[in-house]
Amino acid sequence: MEEEIKKYKKYIYISDKINPFIEDTCKRLEISLLTRFINQYNLENFLQSELKNLNNIDYLIIDYNSIKNQTKENDIVTAISRIRRMYEIRIIFILEGATKGNILLGRLFNLGIYNIISATNDVLFKEELQKSLSEKGMSFANAVKYQLDKNIFAINNNTNVIKETYVKVKQLVTVAVCSTERHLGATTQAINITKFLSELLNIKVCYIENNNHNSIIEIFNTANKDEATYYEETGKIEYEGIEMFMKSNIAEIMSSNYDFYVFDFGSMEEMTDNDINSFLTKDIKFIISGTKAWELRNLFESFEKIGKDKSINFIFNFTAKDKRSFFKENMGEYKEKTFFSEYIDNPFIVGNKIYWENIFKPFILNCNIEEIDKKRTWLNKFKKRIKNNEQ
């Protein structure tokens with residue numbers, strides 16, 4: 001009886017430097033390196049001269065750093081589109097530090113490229129790489145955060161995006177959310193804030209379950225497994241276009257170059273003195289409360305715990321509209337930082353958008369896309385030249 005012949009998978013990678021993470025991970029997964037190309041390349045020319053035949057190759061790994069200086073964005077998209085048409089090969093594209101709103105990754109996403117690695121942290125990079133090399137690879141859900149808004153990016157022959165403005169006041173912004181007692185919606189609000197921030201262009205944000213509730217594990221366990229991904233080493237879960245972490249490995253998470261970190265502290269009843277102190281060090285803080293008679297005792301106790309910090313935002317859930325003015329007036333020094341949440345059934349659908357925009361405005365000065373019509377610009381320049389000649 002003939003022995004079954006094992007099919008060894010093969011890969012090629014293109015990079016500006018040797019990447020030990022790629023080579024070590026592939027070796028461990030028994031994926032054989034066929035060729036490495038280490039240099040700066042024009043991807044279009046390279047495809048014609050060096051990558052003439054990609055038959056029988058399972059993975060093509062492209063590091064953006066190796067092609068960015070010699071290949072225009074349109075040519076990158078054209079070359080990768082051609083590879084997809086010609087070969088049955090999984091393309092893994094590395095663009096470290098990329099965030100939602102990256103136009104190149106949005107265009108690659110539209111081509112069906114879902115195996116995108118953007119992590120800058122070594123641990124997360126290896127996890128994303130392992131997921132990309134797994135049997136199914138990354139899914140639509142893993143990459144949907146790069147999907148471009150068609151209404152904003154209606155780019156055609158006459159229109160060109162010329163300016164993408166986004167200014168952060170701080171390089172790193174921490175957000176803290178807790179409730180005065182359990183089951184008042186701290187996790188719902190924290191996830192909703194994360195979802196709001198994730199939908200802004202060029203914002204990289206994560207949710208951190210900074211309590212012992214294991215809510216995101218429950219989210220993963222009940223989600224469709226084609227829509228949620230769990231990374232065991234770091235405890236990261238990707239679901240509905242956002243990245244969520246459990247409490248472990250905070251130091252690793254904080255070194256991952258997110259723009260915003262949203263900490264869910266759970267209930268103030270469960271928080272230690274160290275937790276309270278940590279909560280108070282965050283840049284933006286939210287306390288979630290109710291307004292029912294039996295909920296007010298814990299609200300009053302929260303004032304004692306936060307001391308003289310007047311920067312905290314209070315969000316009240318489940319408050320009748322005719323009662324809101326009364327509670328707002330009686331919040332004293334916190335009056336202008338008092339908000340009443342709309343009913344949020346699904347935390348992964350943004351609610352309270354007006355509140356979030358106002359609260360986060362000092363930390364995100366602008367995130368607009370300006371477009372210019374090429375024909376109109378040419379005409380304006382032509383008119384200006386005529387006017388100058390007449391003078």
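Reader: Why is E233 called partly exposed?

Author: Its relative accessible area is 49%. Buried means under 20%, exposed means over 50%, and partly exposed is in between, with a 1.4 Å probe and protein chains only. So E233, at 49%, counts as partly exposed. By the way, this is a predicted model: local features need pLDDT of at least 70, side-chain atom pairs count only at pLDDT 80 or more, and totals for chains, interfaces and linings use all residues. Residues are numbered from 1 along each chain as its sequence is written, and side-chain values use heavy atoms, leaving out hydrogens and water.

Reader: Where is E233 placed?

Author: You'll find E233 in the loop between β10 (228-231) and β11 (236-239). Strands here are DSSP runs of E, at least two residues, while helices are runs of H or I, at least four, both numbered from the N terminus. The protein has 14 helices and 18 strands.

Reader: What about K100: which side chain of opposite charge is nearest, and how far away is it?

Author: That's E199, 6.4 Å away. A salt bridge needs a side-chain nitrogen of Lys or Arg within 4 Å of a carboxyl oxygen of Asp or Glu, and Lys and Arg count as positive, Asp and Glu as negative, with His and the chain ends not counted. So K100 has no salt bridge, yet K100 is buried.

Reader: And where does K100 lie?

Author: K100 sits in the loop between β4 (90-94) and α4 (103-110). Leaving aside residues up to four places away in sequence, K100 touches several others, including K145, Q147 and E199; contact means heavy atoms within 4.5 Å.
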